[in-house]
Amino acid sequence: MPAADRRVRPGSDGEHDLQERMGTTARADRFYDEQVLDRLNTRMRDFVARQEMCFLATSDRHGECDNTFRAGPPGFLHVLDDRTLIYPEYRGNGVLASLGNIEENPHVGILMIDFLKDRIGLHVNGQARIVSDEEMRRAQPELPVDPVPGRRAQLWVEITVEEAYIHCAKHIPHLQKASAEQRQRQAWGADGVKRKGGDFFGAAADAPDRPPYQPRRRKRCVPSWTQAGEPTRAAVWQRSVQRLLAAVARRSPQAEEGAEGSFRGWFC
């Protein structure tokens, strides 16, 4: 896909090609046009400020992925401005898988879902960097110091927002928060095996039978259409040009004037 086309349409070359093949390009373009921002607007910032958990996606320099869970008191995700988000890294199991991935590959994705009230989600994609607690507090002296020792940041992750968009509500379950009497007190910073979940999945019994670790032979990922002959590549190029021309036409003053005030639906 030409560079100009990538600037006009968010998303990856792979999703654009699949949209063509699945016939969803028009729906995807409506979503890109109406729902994808390059910053956090006021409602998004308010949403982030009340979240107590999120899911974090990272990958290493080879593109091997990992997904994990982060939690804290409401507001543990701090919005510094409309393009900057930070969160603390608490003491964990010492593996540091997500931070290790960020060291190799700064691209991250955060998904926040409100299961309790609004039943809606927010995706934030961007570039991350790891910052020491001392450096972060010099730059942001107003950051509060958490009174719970286990919730004191060892490091911070600072994310420069590149994309922010909705996760639609239709398949998000509506949950209820358990009362303080019903739930076990959270063991922030605890090292006790039982408090951390123990051997819930019985992995310790299976571990002796695990073969010695062998580093995987990683192959360079090549888009499927590039493996075909020249006519296919030419056809993809032609479709890309057509998409670019269509996108430019949609963004003409006449098109924008006709679409003002309309909402053409979300693509989930």
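A word on exposure before the first click: a residue is called buried under 20% relative accessible area, exposed over 50% and partly exposed in between, using a 1.4 Å probe and protein chains only. This is a predicted model, in which local features need pLDDT of at least 70 and side-chain atom pairs count only at pLDDT 80 or more, while totals for chains, interfaces and linings use all residues. Residues are numbered from 1 along each chain as its sequence is written, and side-chain values use heavy atoms, with hydrogens and water left out.

**Stop 1: colour by confidence.** pLDDT is the predictor's confidence in each residue, from 0 to 100. The protein chain averages 82, and 72% of its residues reach 70 or more. Now select residues 255-268: the pLDDT there is below 50, yet beyond near neighbours in sequence this stretch has 22 contacts in the model. Contact here means heavy atoms within 4.5 Å.

**Stop 2: the sheet.** Helices (H or I, at least four residues) and strands (E, at least two) are DSSP runs, numbered from the N terminus. Two strands pair if DSSP finds at least two bridges between them. Show the strands and trace the order β2-β1-β5-β6-β7-β4-β3: 7 strands in an open sheet with antiparallel pairing. At the edges sit β2 (65-71) and β3 (78-81), each pairing on one side only. Zoom in on β1 (residues 53-59), which is joined to β2 by 7 bridges. Pick T58 and you'll find D66 of β2 standing opposite.

**Stop 3: T84.** Hop over to strand β4, where T84 lies. Buried or exposed? T84 counts as buried because its relative accessibility is 14%. Show its side chain and that of D81: the two make a polar contact at 3.0 Å. (A polar contact is a pair of N or O atoms within 3.5 Å; within protein, one must be able to donate a hydrogen and the other to accept it, and residues adjacent in sequence count only if both atoms are side-chain atoms.) Leaving aside residues up to four places away in sequence, T84 touches H78, V79, E158, I159 and V161.

**Stop 4: R152.** Next, select R152 in the loop between α6 (133-139) and β7 (155-167). With a relative accessible area of 43%, R152 is partly exposed. Which residues does R152 touch, not counting those up to four places away in sequence? They are Y90, V145, D146 and P147. Y90 is 62 residues away along the chain, but the C-alpha atoms of R152 and Y90 are separated by 6.3 Å. For D146, look at the backbone oxygen, which lies 2.9 Å from a polar atom of the R152 side chain.

**Stop 5: helix α2.** Select residues 13-22 and highlight the buried ones, H16, D17 and Q19. Seen down the axis of α2, these fall within an arc of 155°, so they line one face of the helix; the arc is that of the directions from the helix axis to the C-beta atoms.

**Last stop: two positive phis.** L96, in the loop between β4 (84-89) and α5 (97-104), has a positive phi of about 60° although it is not a glycine. L96 counts as exposed, at 53% relative accessibility. R119 sits in the loop between β5 (107-114) and β6 (120-132), with a positive phi near 50°. R119 is partly exposed, at 28% relative accessible area.
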